[in-house]
Amino acid sequence: MLGYKNVERVKPSGLELVDKLVGVQRVTKVTKGGRAFGFSAIVIVGDGNGVVGHGLGKSKDVASAIAKAIEDAKKSLVRIPLLDGTLPHEQKGRFGGAKVFIKPASRGTGVIAGGAVRSVLESVGVKDVLSKSQGSSNPHNVVKATFDALLQLRNAATIAKQRGISLEKVFNG
């Protein structure tokens, strides 16, 4: 979350958070005694109203990996600016080999997104959006690329405040 100008951190207390499991991977460590299996889980936590976070949990069994991921996600909650159930503007995000493009859509379009991007956008509370995921389809990197795009979003009021001008001047020049 570092390196973004307008990130607003949120405390998990008092929020009704819903968690979504993006993926569970079985990982294998080969030792001289054989193979040791473990699990890693990636989870998105959001309130459906602009607050979202993601987390990774690792453990020897699936249930505790998911529980750890949820706890990790609650530590990284941020507020995303929304505008009438969609995004304020289009944005590109990237992380590793994954690239994500998100674009606001008109009312009634729905969430046009696949896999990990859909989970993140639904947890944020976006109702209408178009998106395209390119490059790597690794869920870890796609989630982080989506967060990269979401954290770069700014609403008109924020832009006006940063530039020290009125809201009307932002739109009319």
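Student: Is Arg118 buried, partly exposed or exposed?

Tutor: Relative accessible area decides the class: buried means under 20%, exposed over 50%, and partly exposed in between, with a 1.4 Å probe and protein chains only. Arg118 counts as partly exposed, at 32% relative accessibility. This is a predicted model, in which local features need pLDDT of at least 70 and side-chain atom pairs count only at pLDDT 80 or more, whereas totals for chains, interfaces and linings use all residues. Residues are numbered from 1 along each chain as its sequence is written, and side-chain values use heavy atoms, with hydrogens and water left out.

Student: With which residue does the side chain of Arg118 meet in a salt bridge?

Tutor: A salt bridge is a side-chain nitrogen of Lys or Arg within 4 Å of a carboxyl oxygen of Asp or Glu. The partner of Arg118 is Glu122, at 3.2 Å from N to O. Arg118 and Glu122 are four residues apart in helix 2, so about one helical turn separates them. Helices here are DSSP runs of H or I with at least four residues, strands are runs of E with at least two, and both are numbered from the N terminus.

Student: How many salt bridges does the structure hold?

Tutor: It holds two. In the other bridge, Lys20 meets Glu122 at 2.8 Å, N to O. Because Lys20 belongs to strand 2 (residues 18-31) and Glu122 to helix 2 (residues 115-124), this pair ties together parts 102 residues apart in sequence. Lys20 is partly exposed, with a relative accessible area of 27%, and Glu122 is also partly exposed, at 32%. As for the second bridge, that of Arg118 and Glu122, shared partners join Lys20, Arg118 and Glu122 into one network.

Student: Which residues are in contact with Ser131, leaving aside its neighbours within four places in sequence?

Tutor: Contact means heavy atoms within 4.5 Å. Under that condition, Ser131 touches Phe101, Ile102, Ile112, Ala113 and Val117. Ser131 is placed in strand 9 (residues 129-135) and counts as buried, at 19% relative accessibility.

Student: How should I read the sheet that contains strand 9?

Tutor: Strands of a sheet pair through backbone hydrogen bonds, either parallel or antiparallel. Two strands are taken to pair if DSSP finds at least two bridges between them. Here four strands form an open sheet in the order 6-7-9-8, with mixed pairing. Strand 6 and strand 8 (111-112) stand at the edges with a single partner strand each, so one side of each has no neighbour in the sheet. Strand 8 and strand 9 pair in the parallel sense over two bridges, and Val111 has Val129 of strand 9 as its bridge partner.

Student: Which order do the strands take in the open sheet of five strands?

Tutor: The order is 1-5-4-3-2, and the pairing is antiparallel. Strand 1 (8-9) and strand 2 are at the edges, each with a single partner strand, so one side of each is left without a neighbour in the sheet. Strand 2 pairs with strand 3 (residues 34-46) in the antiparallel sense over 13 bridges, and the two form a hairpin with two residues between them. In strand 3, Ile42 is the bridge partner of Gly23 and Gly38 that of Val27.

Student: Where is the place of Leu83?

Tutor: Leu83 is found in the loop between strand 5 (78-79) and strand 6 (91-95). Its relative accessible area is 47%, which makes Leu83 partly exposed. Leu83 and Leu21 are 62 residues apart in sequence and 26 Å apart in space, C-alpha to C-alpha.
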